[in-house]
Amino acid sequence: MASRGRKSKSKGVTLTIMVVGASGTGRTTFVNTLCESDVLPHKEIPSPSTAHIEEAIGIKPVNVELEEDGVRIALTVVDTPGFGDLIDNTSCFGEILGYIERQFDEILSEETRIKRNPRFRDNRVHALLYFIQPTGHALREIDIELMRRLSSRVNVIPVVGKSDSLTPSELKAFKKRIMEDIEHYSIPVFNFPYDVEEDDEETIVENAALRALLPFALVGSEEEIEVDGEPVRVRRYPWGLVEVDNPKHSDTGALRGALLSSHLTDLKEITHDFLYENYRTEKLSKTSSSRDSTLLPADQSNRIKEEQLRKEEEKLREVELKVQREIQERRQELLVKEETLRNLESRLAAQGLQQQEGY
Ligand SMILES: Nc1nc2c(ncn2[C@@H]2O[C@H](COP(=O)(O)OP(=O)(O)O)[C@@H](O)[C@H]2O)c(=O)[nH]1
Ligand SMILES: [Mg+2]
């Protein structure tokens, strides 16, 4: 996408982010770090007697007002039950995908209403942060499967949670393996798409730099200390401090900037123009076969090409509908004329009969 997310300064924008991943990967802490306040509570460590409760709690979005670069952002954060908390992870996954699709369904039904509901809220999820455990190994099969399935419905951004558990060289190798897997399995994650021919130099450089950081190495903390009179969010260890916003320590600041500022508009546009549009087409065409063979482009630039193709197709469809409508109108006119003719004929015939009888 070409445009950078410069939005009008005063009006404010909305954004919805979802966090998904194994339990204990630092999702809740990250959300509180991003929002710079404790918006999400930490749940108790699940025990066999409480494990069933989380299932009943389900997915609850939380709203928070933020300001980034002078732009007011009404941020909605959707925390999800962690994989591994429950014995059956498929129900957990179904709940997450179900939530995302339900927001699409709501737009779909709102769009088809004759009278719009002025209080309608668009709750579509614009970015899903998929938390990978900092194992230093490779992606697990479940991560590959879940990211792949979620990618056709939402912008998936892979992140490594609690990345301070790995040394810089371990982290570098881990990131590399993860991206190799993502490429190998053609998982269409959000990769800061750009077009070398169409986009301006600044966008290309910025997007390429963010792409090179994938998966973002995150560090979260709920503790702030003062350094030279400035608040700094840190994790405190006997051997030193990890500063959340220090680019030498983590990619947390880079991800925040991308989500809340530079790529906010891109994420929303791709959600509406591509992901939602695909869902709508599938839903409306109702061909069950199209469901599993959903377009899963290996690269974001394919998404854009597909989007253009889709628009062409839509135009063609419109022309076809228009022609059909015209044919239908002509047909109606013809029917009316035929009817008039028949009436005239029968009247003439009746007159002829009367005249014959008159003689
Ligand atoms: N080392 C490290 N630990 C973290 C980080 N973020 C969270 N934690 C700790 O990991 C544990 C689980 O974090 P939590 O945010 O509740 O994970 P969630 O289950 O994914 O929501 C807590 O003890 C956190 O203090 C991090 O960036 N680095
Ligand atoms: Mg949590």
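Tutor: Let us begin with burial: a residue is called buried under 20% relative accessible area, exposed over 50%, and partly exposed in between. Please keep in mind that this is a predicted model. Asp-105, with a relative accessible area of 27%, is therefore partly exposed.

Student: With which residue does the side chain of Asp-105 meet in a salt bridge?

Tutor: Side chains of opposite charge can pair when their charged atoms come close. Here the partner of Asp-105 is Lys-283, at 3.2 Å from N to O. The two are distant in the chain: Asp-105 belongs to helix H3 (residues 89–111) and Lys-283 to helix H8 (residues 264–285), 178 residues apart. Lys-283 has 38% relative accessibility, so it is also classed as partly exposed.

Student: How many residues apart are Lys-176 and Glu-180, which both lie in helix H5?

Tutor: They are four residues apart, about one turn of the helix. Their closest N and O atoms are 3.3 Å apart, and the pair forms a salt bridge. Lys-176 is exposed because its relative accessible area is 55%, whereas Glu-180, at 42%, is partly exposed. The count for the model comes to 16 salt bridges.

Student: Is Arg-256 buried or exposed?

Tutor: Arg-256 has 9% relative accessibility and so counts as buried. Its helix, H7 (residues 252–262), is mostly covered, with eight of its eleven residues buried. The side chain of Arg-256 meets that of Asp-245 in a salt bridge of 2.9 Å, N to O. Asp-245 lies in the loop between strand S9 (240–243) and H7, so the pair ties together parts that are eleven residues apart in sequence. Asp-245 itself is partly exposed, because its relative accessible area is 39%. Through shared partners, salt bridges join Glu-36, Asp-245 and Arg-256 into one network.

Student: How many residues surround ligand 1?

Tutor: The shell holds 15 residues, and the closest are Gly-24, Arg-27, Thr-28, Thr-29 and Asp-164. By class, three are nonpolar, eight polar and four charged.

Student: Which atoms of ligand 1 lie 2.7 Å from Gly-24 and from Asp-164?

Tutor: An oxygen atom of the ligand is at that distance from a polar backbone atom of Gly-24, and a nitrogen atom from an N or O atom in the side chain of Asp-164. A polar side-chain atom of Tyr-237 lies 3.1 Å from a nitrogen atom of ligand 1. The protein covers 75% of the 580 Å² of accessible area that ligand 1 has on its own. Helix H1 (27–34) and strand S8 (230–237) are the elements that give two or more residues to the shell, and H1 supplies the largest share, three residues.

Terms used. Residues are numbered from 1 along each chain as its sequence is written. Chains are lettered from A and ligands numbered from 1 in the order in which they are written. This is a predicted model: local features need pLDDT of at least 70, side-chain atom pairs count only at pLDDT 80 or more; totals for chains, interfaces and linings use all residues. Side-chain values use heavy atoms; hydrogens and water are left out. A residue is near a molecule or strand if one of its heavy atoms lies within 4 Å of it. A polar contact is a pair of N or O atoms within 3.5 Å; within protein, one must be able to donate a hydrogen and the other to accept it, and residues adjacent in sequence count only if both atoms are side-chain atoms. Accessible areas come from the Shrake-Rupley method with a 1.4 Å probe; for residues, only the protein chains shown count as cover. Ala, Val, Leu, Ile, Met, Phe, Trp, Tyr, Cys and Pro count as nonpolar, Asp, Glu, Lys and Arg as charged, and the others, Gly among them, as polar. Buried means under 20% relative accessible area, exposed over 50%, partly exposed in between (1.4 Å probe, protein chains only). A salt bridge is a side-chain nitrogen of Lys or Arg within 4 Å of a carboxyl oxygen of Asp or Glu.
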